[in-house]
Amino acid sequence: MRRGRQFASGCTPGPEHREHAGRTMVILKCEPRPAELYRAEFPDAAPGFYADKRNRNTAYLDGSVPGKVLREMCDRLILW
């Protein structure tokens, strides 16, 4: 957190969230255009889980998003 604002979080949703159930994810703040590009390229990059779908991305840690790309997404975090 920075100045009381959250820029990244992680969770493993329970069974009540069928589509996401049991998959550990990280939710990252991102500018809208790069967020769309990540989603288009990687099936396991999705709009933010329980967050603003426009400028947050969810990346499943057990999926198709390579570690290098996850680090790139972290490097691009919006800190405003």
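Q: How do β3 and β4 pair, and over how many bridges?
A: This is a predicted model. In it, β3 and β4 (residues 56-60) pair in the antiparallel sense, over three bridges.

Q: Which residue in β4 stands opposite Ala46?
A: Thr58 stands opposite Ala46.

Q: What's the strand order in the sheet?
A: β1-β2-β4-β3. The sheet is open, has four strands, and its pairing is antiparallel.

Q: Which strands are at the edges?
A: β1 (8-11) and β3 (45-47). Each of these pairs on one side only.

Q: How much are neighbouring strands turned against each other?
A: By 25° on average, with direction ignored.

Q: Zooming out, how many helices and strands are in the chain?
A: Two helices and four strands.

Q: And in what order do the elements run from the N terminus?
A: The run is β-β-α-β-β-α.

Q: Switching to side chains: what sits over the ring of Tyr60?
A: The charged end of Arg23. The distance to the ring centre is 4.0 Å.

Q: What share of the chain is buried?
A: 38% of the 80 residues count as buried.

Q: Last one: what share of contacts join residues at least 24 apart?
A: 47%, among contacts between residues at least 6 apart in sequence.

Notes:
Residues numbered from 1 in each chain as written. Predicted model: local features only at pLDDT ≥ 70, side-chain atom pairs only at ≥ 80, totals over all residues. Heavy atoms only, no water. Lys NZ or Arg CZ within 6 Å of the ring centre and 35° of its normal. Pairing = 2+ DSSP bridges. Axes fitted to C-alpha atoms, helices over the stretch in contact; angles between N-to-C directions. Buried < 20%, exposed > 50% of the residue type's maximum accessible area, 1.4 Å probe, protein only. Contact = heavy atoms within 4.5 Å.
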